Amino acid sequence: SQTTASSDIQSFRDVLASSKSIIILAGAGLSAGSGIQTYRGGGGLWNTQDADYLATPQGFKENPSRVWQFYHHRREICLQSQPNAAHRALASLSKLSTLSRIAPSLKETSSPPLLITQNIDSLSLRALDGLPPAVKTAAEGRLLEMHGCIFSTRCTSCQHTQCTYTSPLCSALLDTKERDIPISELPRCGGENWSGSNRYGKCGGLLRPDVVWFGEIPNHMGEIAQRLNWCDLLLVVGTSSTVYPAAGFAATVKARGGKVAVFDIENPKDRVGADFIFLGPCEETLPEVLG
Ligand code: BJW
Ligand code: ZN
């Protein structure tokens, strides 16, 4: 059933204040204000780049060189980008001082709002911790990167994962010209940027970006399902809601009687009926509405 969405800030704050379990689902629009390309719509990455070749396990198997050059380029962009006002507004939402001001009823609950981001740029983590973005533990229980992280690599042989913020990951990727890099010169497990002394992580296997490609199961699905079960308010920020399973979260929350608030520059008709809609760049609407 289609509801008429409200854009009234005060009524939204009233709902926020009485909510006991808040989830924020974020997508590429959250980082658009930081200069990071979205995937779809005008200027979207998948308009000029083929996701079948670049964001599937098959594409990587077929041509790991092409995929690595693509991710190296985007890694550089992420390294040069900074969290924007929307990242900061969401980060401060998870601080108890902010919460008790705008949502007094949340004080008694032990868990702060959970930010589930589909973005791989680490900007939400950096907004939580400040630079350098190394300490994942500070984000525990507050942030889930469901499509992985562009700074993390995973060994295709031993599965060892590692987070590295230096660039390039190996000298072959320094080359800006597109070329066929021999597989032996691509990032390898225990290669140039490897440090540590685990029994894993030095097997020499081919590394891949630790992101979630089409056909793969997103991270943290168990925890996400559990939190969605209890969620009484879902904020949907800057996602086209075309990619599953994230695209189904709003319907899940609605089906359990929760409310949904959308923050986006547009509101397509086929979207699940939102209770609130705040149209405009989220780097403007979020600070204003959560103010
Ligand atoms: C602003 C703004 C501003 C702009 N302020 N707003 C047929 C039917 C149903 C499902 C399938 C199907 N065929 C295949 C599938 C499954 C598939 C899928 O959903 N495909 C669809 C395309 C149909 N999904 C999968 O394969 C997923 N896995 C899976 O389903 O496993 C099975 C499973 C089932 C059940 C439970 C668990 C598992 C995996 C999906 C992996 C997605 N990977 C990518 C790439 C990540 C790595 C990389 O970046 O290289 O993830 S694709 C890309 O899309 C990326 C994003 O996270 C994801 C979502 O995009 P997002 O964030 O919504 O961005 P946009 O660009 O689409 O939208 C931007 C929005 O922002 C717009 O609304 C703008 O208006 C707005 N905006 N500027 C506010 N300033
Ligand atoms: Zn390995």
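## The annotated cysteines

C158 lies in the loop that joins strand 4 to strand 5, strands being DSSP runs of E with at least two residues, and helices runs of H or I with at least four, each numbered from the N terminus. This is a predicted model, in which local features need pLDDT of at least 70 and side-chain atom pairs count only at pLDDT 80 or more, while totals for chains, interfaces and linings use all residues. Residues are numbered from 1 along each chain as its sequence is written, and chains are lettered from A and ligands numbered from 1 in the order in which they are written.

C158 counts as partly exposed because it has 17 C-beta neighbours inside 10 Å; a residue is buried with 20 or more other C-beta atoms within 10 Å of its own, exposed with 12 or fewer, and partly exposed in between, the C-beta atoms being placed from the backbone. C155, in strand 4 (residues 148-155), has 23 such neighbours and is therefore buried. C189, in the loop between strand 5 (161-163) and strand 6 (207-211), is also buried, with 22 other C-beta atoms within 10 Å.

The unreviewed UniProt entry annotates C155, C158, C189 and C203 as "binding site", in the numbering used here and with feature names shortened, although such annotations may be inferred rather than shown by experiment. These residues are spread over 49 residues of sequence, yet they cluster in space, with a largest C-alpha distance of 8.5 Å. The C-alpha atoms of C189 and C203 are 5.7 Å apart, although 14 residues separate them along the chain.

The protein is divided into domain 1 (1-36 + 83-147 + 219-291) and domain 2 (44-80 + 149-211), with bounds from an automatic or database domain assignment. Between them, 8 residues of domain 1 are in contact with 7 residues of domain 2, contact meaning C-beta atoms, placed from the backbone, within 7 Å.

Ligand 1 lies between the two domains, because both give residues to the shell around it. Of the 36 residues around ligand 1, G27, G29, T38, Q118 and S240 come nearest, where a residue is near if its C-beta atom, placed from the backbone, lies within 6 Å. Helix 2 (29-32) and helix 12 (282-290) are the elements that give two or more residues to this shell.

## The nonpolar core

The largest nonpolar core has 48 residues, and V237 is among those with the most contacts inside it; such a core is a set of buried Ala, Val, Leu, Ile, Met, Phe, Trp, Tyr and Cys residues joined through C-beta atoms within 7 Å. Apart from it lies another core of 18 residues, including A28 and L173.

Technical notes:
Two residues are in contact if their C-beta atoms, placed from the backbone, lie within 7 Å.
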